[in-house]
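Please open the model in your viewer and keep the selection tool at hand. The tour moves from one selection to the next and says what is there at each stop.

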Amino acid sequence: MTTQPPLVAQSIGAPEHAPTLGEVALHLENVVYRYPSITNAPTSLLAAKIAPALAGVTLDVRRGEYVALLGHNGSGKSTLARLLNALLLPTSGHVYVLGHNTADRSEHRAIRDLVGMIFSDPDNQIVATIVEDDVAWGLAARGYPLAQVHARAEAAINAVGLSAHKRRAPNELSGGQRQRLAIAGVLALEPVCLIADEPTALLDPQARVEMLGLLHTLNRERGLTIIHVTHLLEEAALADRIVILERGRIVREGTPTEVFADLESLRSLKLIIPELGVLGERLRALGVDIPPDALTPQLFVAALERLEGHYRQTQHGGAQ
Amino acid sequence: MSIVVEHLSYIYNLGAPQEHVALRDVSLTIPDGVCAAIIGVTGSGKSTLTQHFNGLLLPTSGRVIVDGLDVTAKTTRPEHLLELRRRVGLLFQFPEAQLFAPTIADDVAFGPRQLRLKDKVVKERVRWALNAVALPTDTEFLARSPFALSGGQRRRVALAGVLAMRPLTLALDEPSAGLDAEAREEIYACLDDLRAREGVTLVIVSHDMSEVAHLADVIFALAGGELKLSGPPEEVFKRTDEILACGLLPPPLAQTVALAREHGLNVGAASDAPLTPDALAPALAASLGAEHAEYGLNGHRT
């Protein structure tokens, strides 16, 4: 896109080039997960009468990939996310993180350094009373030399744009800033992969856009592998790949263009079709050929521009 | 039932070191029977304002008049507040967290029983309320535990508990937060129904600008405890700069129309259309395809 979209502080356009993907970072082999007892299961599973939360998932994620994990409440996406850094261990099947099997407890430290995780509520993982202490905490707990702790914490704070706030107390920060602080705490450990489980759920509208922008920046500029768990199609629209879960199984997988080609079938998976998706459907019914994956204002307007150019050309060509 | 807010200010911890002005000189009117939305970022004062509508909070200064009932710190007597809370139902965020009774029937009946209504009347109200939220009313369902339901169903049981008080106004804090598509549509259908059939005035507090554009007749945008913007969604969301200044974003449909205009595209009637796909699609198609269609016609003629 040539012009800066004016509506958002940190807008997200279409990825300009396909990222070069590396080795397989995460490898899941026929993973089944069953919550051990009814009381530990998320309540959404109670209604499902203890079907396994994951019912045989096989998936590879390459280094540097941005994968959106989509699904409605109780589809198994958070369970899958928790299996990726050994917070949960598979009931059967295997999860490998850069070759480390999560079933091997002696590997857990290494795995959790490689795969960091953030959740909807950053307050659950903020431990210190000063921003820079909080970011340094994970490094200090692992016994890194002090100079390295400071340098890495500083770099992580800069990477999430909190350098102006490093001496402040986390509770003085906005929700979006606290979520960025949680990311900095993860980044300080220099992981290969960041799992973000519904990271925008509690954020205000502008902070949501900024968070999405930050995740894409970390992916593009640092090659950080991102697993973005979300129930919102529009948040998945700019991912390299979308994986949709339903009843603990992968039911769709592909690029946003491939997956969004059939919005109607996504509706049957209880996903919320964004209003821009519905507008596209209505326009297609009227003969205006908007692609179904134009789910952000920027992508939608780009599609409108192409169409307008096309119409103008047709008119011009015909006039000769 | 109308709500009139006049010069309302509310200060938390008045006189204490941590004194905090949550609302500053807010005046607004919500007419009878409309669906009003209150929008704003975290800490903008939305919930504080909403809690004044049924007297959970009383004004530090100014007043709130709910259907002629004047609510000020000075004039409010307990029986006055009781009547107010009968008329205005308040559904908090994630209300399913407040379910507590062993059975669905008991949970929904809790409010009416507090009013010391006769058992028969209570039963009628429970059935009516569950019906209004599109849940079954058979004895088997009534005897079930509310905790064995899905998230969306539990939220509707919580809503039924409020409706069983037969409020004339219903204020809902983030009614669809955390629900999947199906559950969300069910809640919207309940709300549409309550308005159409019962004439209930709705006040919705929401972060979701698409939801607001879809449901509300009138929007009030708060920032820093002050009322910054008000009007119908299609007008309010056109004022992009002011919306951004409130820390908000217009809904994607409004962003798209505005962005298209900035890119020099002819958006025609879409500029003033209601912010729904059904209204925008024909307007956009007409403005985009008009020349094309015209040309096509000429083309056939030549």
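By class, the residues lining the second largest pocket are 14 nonpolar, six polar and three charged, where Ala, Val, Leu, Ile, Met, Phe, Trp, Tyr, Cys and Pro count as nonpolar, Asp, Glu, Lys and Arg as charged, and the others, Gly among them, as polar. This is a predicted model, in which local features need pLDDT of at least 70 and side-chain atom pairs count only at pLDDT 80 or more, while totals for chains, interfaces and linings use all residues. Residues are numbered from 1 along each chain as its sequence is written, chains are lettered from A and ligands numbered from 1 in the order in which they are written, and side-chain values use heavy atoms, with hydrogens and water left out.

**Stop one: the pocket**

The second largest pocket holds about 690 Å³ of space. A pocket here is an open set of points, on a 1 Å grid over the protein atoms alone, where a 1.4 Å probe fits and protein lies on both sides within 12 Å along at least five of seven lines; lining residues have an atom within 4 Å of a point. The volume is the space filled by probe spheres set on the points, which are joined across faces, edges and corners. Select B:Leu90, B:Gly111, B:Gly161, B:Val162 and B:Met165, which are the closest to the pocket centre of the 23 lining residues. Then colour α2 (78–87), β6 (88–91), α3 (104–114) and α6 (151–163) of chain B, the elements that each give two or more residues to the lining; helices (H or I, at least four residues) and strands (E, at least two) are DSSP runs, numbered from the N terminus.

**Stop two: a loop in chain B**

Now select B:Phe94, in the loop between β6 and α3 of chain B. Its phi is positive, about 45°, although B:Phe94 is not a glycine. Most residues other than glycine have a negative phi. With a relative accessible area of 36%, B:Phe94 is partly exposed, a class that lies between buried (under 20%) and exposed (over 50%), computed with a 1.4 Å probe and protein chains only.

**Stop three: the open sheet of chain A**

Move to chain A, where an open sheet of four strands has the order β2-β1-β4-β5 with antiparallel pairing; two strands pair if DSSP finds at least two bridges between them. β2 (54–62) and β5 (100–101) of chain A stand at the edges with a single partner strand each, so one side of each has no neighbour in the sheet. Strand β1 (residues 24–33) of chain A runs antiparallel to β2(A) and is joined to it by seven bridges, and A:Val31 has A:Val57 as its bridge partner in β2(A). Also in β1 of chain A is A:Asn30, a residue other than glycine whose phi is positive, near 40°. A:Asn30 counts as partly exposed at 48% relative accessibility.

**Stop four: a buried strand**

Finally, select β8 (residues 225–230) of chain A, in which six of six residues are buried. In a regular strand the side chains alternate between the two faces of the sheet. Here A:Thr225, A:Ile227 and A:Val229 point one way, A:Ile226, A:His228 and A:Thr230 the other way, and all are buried.
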